[in-house]
Amino acid sequence: QLMNYKPPDFDELLALSRTDPDALDRIKQEASQALVSSASEYLQNQLNGLQIQIDMELRRSKSGLDGCIRISRIMHESLQRP
């Protein structure tokens, strides 16, 4: 549940980004799953689909900044859909 999930503080996340990117990725996955599981079943399906899109774009990205731009584009497009 999202209410019970407490991510590491910023300094720990920053340290992990430099020393253990795989651990940082696992934390990202745990946080995403906590958010998805706290949503209604209908929204869970939508959020899981959105997460798949995000993961695909991150794999395609050439840099961290490129990944952020790609994700931002996806989020803006999803907000414009009815």
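Author: S72 is found in helix α4 (helices, H or I of at least four residues, and strands, E of at least two, are DSSP runs numbered from the N terminus). At 33% relative accessibility, S72 counts as partly exposed (buried is under 20% relative accessible area, exposed over 50%, partly exposed in between, with a 1.4 Å probe and protein chains only).

The model is predicted, so local features need pLDDT of at least 70 and side-chain atom pairs count only at pLDDT 80 or more, while totals for chains, interfaces and linings use all residues. Residues are numbered from 1 along each chain as its sequence is written, and side-chain values use heavy atoms, with hydrogens and water left out.

Helix α4 covers residues 64-80, and R70 and D66 both lie in this helix, four residues apart, about one turn. R70 forms a salt bridge with D66, their closest N and O atoms being 3.0 Å apart (a salt bridge is a side-chain nitrogen of Lys or Arg within 4 Å of a carboxyl oxygen of Asp or Glu). In general, side chains of opposite charge can pair when their charged atoms come close.

R70 also forms a salt bridge with E57, and here the closest N and O atoms are 2.7 Å apart. This pair links distant parts of the chain: E57 is in helix α3 (residues 41-60), R70 is in helix α4, and 13 residues separate them. Both R70 and E57 are buried; for E57 the relative accessibility is 16%, which is why E57 counts as buried. Leaving aside neighbours within four places in sequence, E57 is in contact with R70 and I74 (contact means heavy atoms within 4.5 Å). Together, E57, R60, D66 and R70 are linked in a network of salt bridges.

By the salt-bridge rule the count comes to five. One of them joins K28 and D25, with the closest N and O atoms 3.9 Å apart. K28 and D25 are three residues apart in helix α2, so about one helical turn separates them. K28 has 31% relative accessibility and therefore counts as partly exposed. D25, at 33% relative accessibility, likewise counts as partly exposed.

Helix α2 (residues 21-37) packs against helix α1 (residues 10-19) at an angle of about 130°, and their axes are 6 Å apart (axes are lines fitted to C-alpha atoms, for helices over the stretch in contact, and angles run from 0 to 180 degrees between N-to-C directions). On the α1 side the meeting residues are L13, L16, S17 and T19; on the α2 side they are P21, A23, L24 and I27.

The C-alpha atoms fill a box of roughly 40 × 35 × 15 Å, taken along the principal axes. Of the 82 residues in the chain, 16% are buried. Among contacts between residues at least 6 apart in sequence, 32% join residues at least 24 apart.
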